[in-house]
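Hi,

Here is the structure I promised to send over.

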Amino acid sequence: MGNDQFMGNDQLLNRALQILQTNNRDGYTIPGAGIYLFQWKWDSGFIALGYSHFDLQKAMVEMETLFHAQWPNGFVPHIIFHSDAERKNYFPDAAFYHSSLSENANLNFETATLTQPPVEGWVLERISQNSNHMAEVQDFVKKLFPKVMAQHEYLYENRDPFHEGLVYIQHNWESGTDNSPVWDEIWNSFEAPEYNFSRKDTRIVKEEQRPAKREYDYYLYIIDLFKKWRYSDALIAKKSPFLVQDPLFNSMLVASNKSLIRLGKQFGFSQDVKRLERWNKKSVSAFNEKLFDKGAGMYRHFDLRGGKWLDGLTSSGFAPLFAGIPSQQRMRKMLFALERFSQNGQYFLTPSSDPEDNRFEPQRYWRGPVWVNMNWLIIEGLKSYGERDWAHRIKEDTLQMVREQGFFEYFEPDKEKSRKQGFGYGSQQFSWTAALVIDLLNDTL
Ligand code: 2M8
């Protein structure tokens with residue numbers, strides 16, 4: 001930890017490679033020892049991207065393993081509980097999710113019943129690019145293309161009840177940003193019972209860095225409701241208190257649509273390309289019409305149940321940059337919002353929630369700390385708009401933070417505190433931090 005303050009790029013790279021090696025299991029990579037002991041969906045995407053710089057085989061296997069657990073209706077679960085031995089060390093476990101209640105479940109695997117941001121389309125394209133389009137990798141992309149396509153079809157057909165082109169998430173765990181302050185309003189809109197269970201996460205990570213117990217009650221209660229409805233998407237859309245059009249999730253969908261369109265043209269999936277183009281056109285225009293807040297200069301979460309934006313601005317609102325959604329003019333407005341999130345350079349970019357919001361908590365998970373995967377998405381987005389200085393600034397913030405604090409899961413945003421404290425928060429050898437540092441170091445930006 002402390003030593004990381006002095007790590008040069010070579011050392012950073014070596015440390016990152018070591019972490020991925022340590023966290024690699026048989027065919028997949030755990031996000032972080034002790035706390036995340038299985039395969040997580042969007043983690044695997046970032047991890048595979050990291051592998052693609054030095055071990056294409058591992059990159060391909062990571063993605064293939066993920067898609068083995070895909071459900072017959074195209075749904076990709078967010079956790080695959082590969083290891084029985086680790087079952088007792090994570091909650092909620094496969095037994096709690098009880099996936100076989102769903103008529104769509106893949107009974108060959110123990111999985112969760114929620115999904116996560118659909119990063120796979122753009123991950124495939126980047127793996128292919130990083131391989132210099134090697135024949136073996138081309139075959140892999142051709143094999144996975146229909147599976148990723150099936151995921152998009154599942155989302156557009158089951159998660160967009162008003163045919164708007166924007167899909168909803170049905171649980172905060174689907175957003176990837178578990179305890180973001182934007183969900184508070186939803187938790188305040190109904191009552192959840194108190195659950196009696198033993199937290200496994202807080203055995204490893206300090207309580208003040210994790211979601212509150214009372215929030216977990218809500219997380220669990222929604223899943224219990226889903227079980228009652230046997231995970232029917234139609235019933236969930238009709239009855240569940242949690243139905244949100246999330247800017248991060250939808251940005252990943254749009255970015256993946258775009259990648260699939262390019263890959264589909266290359267590999268002759270012409271029917272799919274047509275569908276993807278139709279979906280995508282609608283998504284991008286609905287996104288800009290419905291989710292952009294002109295006052296704030298960034299994108300917001302829309303609550304389909306309440307019929308309005310959720311209260312609060314978060315780093316998810318910058319993710320549309322990655323998908324090329326904002327116009328040049330809007331993108332420039334977003335730079336002001338980014339500057340505000342940095343509080344005139346006092347904070348590393350990009351705090352996960354608005355530092356001027358009184359719910360901002362710099363240590364608590366998705367309520368303030370900086371996350372490397374979000375930074376990476378924003379950096380890549382800014383590059384695609386030609387904003388190299390901005391991209392460079394966030395890349396340097398990211399590497400500086402990792403040098404000073406280590407390969408943590410999430411990071412202290414305050415620069416002065418970071419320097420003095422010398423450690424970050426959550427899991428200590430976190431896979432996507434390592435994988436994306438590898439990607440950043442491979443970039444000449
Ligand atoms: C976190 O979420 C899991 C539940 O899925 C948890 O708290 O146990 C989130 O940060 C999520 O985005 C991430 O994929 C997962 C594993 O790293 O951990």
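Keep in mind that this is a predicted model. I'll begin with a sheet: three strands form an open one, in the order β3-β6-β7, and their pairing is antiparallel. β3 (244-245) and β7 (308-309) sit at the edges, each pairing on one side only. If you want to zoom in, go to β6 (residues 302-303), which is joined to β7 by two bridges in the antiparallel sense. There, Asp-303 has Lys-308 of β7 as its bridge partner.

Next, a helix pair. Helix α5 (residues 120-130) and helix α12 (residues 247-267) have axes that come within 6 Å and cross at roughly 45 degrees. The crossing of α5 past α12 is left-handed.

Which residues in α5 meet α12? They are Glu-120, Gly-121, Trp-122, Leu-124 and Glu-125, and on the α12 side they meet Met-252, Ala-255, Ser-256, Ser-259, Leu-260, Arg-262 and Leu-263.

As for the whole chain, it has 18 helices and seven strands. Its radius of gyration is 20 Å, close to the 22 Å that the globule rule gives for 445 residues, so the chain is as compact as a globular protein of that length. Along the principal axes, the C-alpha atoms fill a box of roughly 55 × 55 × 50 Å.

Cheers

Key
Residues are numbered from 1 along each chain as its sequence is written. This is a predicted model: local features need pLDDT of at least 70, side-chain atom pairs count only at pLDDT 80 or more; totals for chains, interfaces and linings use all residues. Side-chain values use heavy atoms; hydrogens and water are left out. Two strands pair if DSSP finds at least two bridges between them. Helices (H or I, at least four residues) and strands (E, at least two) are DSSP runs, numbered from the N terminus. Axes are lines fitted to C-alpha atoms, for helices over the stretch in contact, and angles run from 0 to 180 degrees between N-to-C directions. A crossing is left-handed if the near helix is turned anticlockwise from the far one by less than a right angle, and right-handed if clockwise. Contact means heavy atoms within 4.5 Å. The radius of gyration is taken over C-alpha atoms; the globule rule is 2.2 Å times the number of residues to the power 0.38.
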